[in-house]
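Hi,

Here is the model I promised to pass on. Have a look at it first, and then read on for my notes.

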There are 2 protein chains.
Amino acid sequence: MKLGILGAGQLARMLALAGYPLGLRFTAFDPAKEACASDVCPVVCAAYEDEAALKAFAESVDCVTFEFENVALESARYLEQFVPVFPSSRALEATQDRLDEKNMFRGLGVETPGFEPINTKEDILKAAESLGLPLVVKTRRFGYDGKGQFVLRSLDQAEQLWAELGSVPLIAEAFVPFDREVSIVAVRSQQGDMRFYPLTENEHRNGILHKSVPLVDDPMTAQAQQYVATLMESLDYVGTLALELFQVGDRLLANEFAPRVHNSGHWTIEGAETSQFENHVRAVAGIPLGDTRAVEFSTMINLIGDFPDRGVIQNVDGAHFHDYGKSPRAGRKIGHITITANSTELLSERVSAVVDVMKV
Amino acid sequence: MKLGILGAGQLARMLALAGYPLGLRFTAFDPAKEACASDVCPVVCAAYEDEAALKAFAESVDCVTFEFENVALESARYLEQFVPVFPSSRALEATQDRLDEKNMFRGLGVETPGFEPINTKEDILKAAESLGLPLVVKTRRFGYDGKGQFVLRSLDQAEQLWAELGSVPLIAEAFVPFDREVSIVAVRSQQGDMRFYPLTENEHRNGILHKSVPLVDDPMTAQAQQYVATLMESLDYVGTLALELFQVGDRLLANEFAPRVHNSGHWTIEGAETSQFENHVRAVAGIPLGDTRAVEFSTMINLIGDFPDRGVIQNVDGAHFHDYGKSPRAGRKIGHITITANSTELLSERVSAVVDVMKV
């Protein structure tokens, strides 16, 4: 069976690497000439709007999935005419607009921070009144890794905010004084079977994920699982999905979900019995899902912008280096390191050894 | 860094899959048109004797390794003029001839079963007298998976043996009434660091490996490690190596070694902190070696000839299916399954569930 992947970045690369042992083959599709999945599978280089190229791509594979959700909706809808697409364009659509997404969460009983649509400059002031300051204002579409966001700390910043973002529809979200950020990565098969990875605690820096730590038996696990199960069932979702949450006291508030494998699940490559990547391709290819149990204690640290001294890091037992084959560039995710150990004490020592080298 | 691999079968395929996360790239070289590594890396299709193709291959990569030892010696020697080759042709040469290999073992203090060279039909009778019956007679070169072997059970089979194998140099080996067959997979870096995987107990069927079970803290570990360390040091070996041994009482007798990743180490992909494949490419690429510790209990079962019902097997938690992308054919290794669990009891249940489906 051959799977097509829209996008040929590091997620496509890790999907293909996880799928080859299952006997699957892959072709990716990406407008970028030097997409990093091209080391590991053929990549069709064409624009996402190129219908002839999309049709030929669809006809060359047995089903299609995608590695990102921001620009592929129209492409996915077009491809669905010719070939099964998992997850479906419906799931993809649900993440295209932050306002629709939050309304959907509420409709499903998934709690969220307070939010208001912003369509005029005056809406900023109204939202600040109802939600308080600071206020997080985001573009409703096409945001990722902290891009397209503005934190309004005082009302006299409203002009600046409007100048920067006011040309597109916006959403205002209450600034949540969260105790921690967590995510739950889960997977659902074509038959509706679901598996859940342990809750993962995430630390962001400059709006980009820095570190993820899976926490087996975390007390918030049941609530997170209930949220993500409701979400996946309502979307008849097929594949791996990540739901990002804020914890405030003993409540979890949904921030957003990603209809794909997720950076906060990269630790599963070494840390879980079956990785999020393998389980995604299993779901898409109709193979029974694999166990999501953590096999070791682990921590994932992103490599952003530049590589640290890899020789020193690779000398640390349990440090697993992932180089995506991308050129270093400021702010770019170019790799990650997962550190594993069979005790939390040993994990802590090893993480310190790695972090010392990284100077992060 | 780009690694070249001589041979593009399943071992090359698994080497490349293990090396991509490290940021390495791969090109394989194989005379076969549809070699299975071609799913995961470019393959140069040319004869091993094609010096122009070998030279161009050498010049396109930073170093070369190989996935099998039977026909590549001249190619490896030729390539060494242009590019580093790990392990060296010297290590490769030491495995080309079973008689030289056994003499080398003896010279290093590594015990072996009794053996005698067979150059004439009369030598068969002499060997039977000194080593006893049954007598295992093998071609000195080019044997694998039980091919090129004859078990002489009575002297009146000597004519038949000579007719079948007598055209090439032979070695007679004493038939060893072993308690079990074990192997030790180990790896050595360019700086001489060594790491050892747990001793693995192996079961063969029809001369082909059927099942491997790693045994942490096996009482024979120290002796096996001492043997393989002596061997690797004497050859200034770089990369992963497997030493196959017979256990008789409390003694280990060396059967043969493979200067490469080995089927009895396939369990390390899921079962060890760092797989034999990753450690091989680490050694070859000059990256510090990874931890060889077993992270779970595991068992590997080969898929020979045809595939079992993979859906049923993949429904067993902890069953990891490896499909090499090869066409099924009687006697052909087309994949393997590694079953993992966090207790021996659970492992035993899961192995039974898999074996029931396989009817092996």
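Let me start with a question: is Asn206(B) buried or exposed? Asn206(B) is exposed, with a relative accessible area of 77% (buried is under 20%, exposed is over 50%, and partly exposed is in between, using a 1.4 Å probe and protein chains only).

Some housekeeping before the rest. This is a predicted model, in which local features need pLDDT of at least 70 and side-chain atom pairs count only at pLDDT 80 or more, while totals for chains, interfaces and linings use all residues. Residues are numbered from 1 along each chain as its sequence is written, chains are lettered from A and ligands numbered from 1 in the order in which they are written, and side-chain values use heavy atoms, with hydrogens and water left out.

Back to the backbone of chain B. Asn206(B) is not a glycine, yet it has a positive phi of about 55°. You will find Asn206(B) in the loop between β11 (199-205) and β12 (208-215) of chain B (helices are DSSP runs of H or I with at least four residues, strands are runs of E with at least two, and both are numbered from the N terminus). Asp236(B), also not a glycine, has a positive phi of about 45°. Asp236(B) sits in the loop between α8 (221-234) and β13 (239-248) of chain B, and is partly exposed at a relative accessible area of 47%.

Chain B also has cis peptide bonds to look at. One runs from Phe86(B) to Pro87(B), with omega near -10°; Pro87(B) is in the loop between α3 (73-79) and α4 (89-93) of chain B. Another joins Leu133(B) and Pro134(B), with omega about -10°, and Pro134(B) is in the loop between α6 (121-131) and β6 (135-139) of chain B.

Now for how the chains meet. The contact (heavy atoms within 4.5 Å) takes 33 residues from chain A and 33 residues from chain B. About 2800 Å² is buried between the two chains, and carbon and sulfur atoms give 42% of that (buried area is the accessible area, with a 1.4 Å probe, that two parts lose on being put together, summed over both). On the chain B side, Tyr20(B), Glu273(B) and Gln314(B) lose the most area to chain A, together 19% of what that side buries.

There are 4 salt bridges between chain B and chain A (a side-chain nitrogen of Lys or Arg within 4 Å of a carboxyl oxygen of Asp or Glu). Arg293(A) forms a salt bridge with Glu296(B), and their closest N and O atoms are 2.7 Å apart. β16(B) gives the most to the side of chain B that touches chain A, with 5 residues.

Finally, inside chain A. In chain A, 19 residues of domain 1 are in contact with 21 residues of domain 3. These two domains of chain A bury about 1600 Å² between them, 73% of it on carbon and sulfur atoms, and 0 salt bridges are found across their interface.

Cheers
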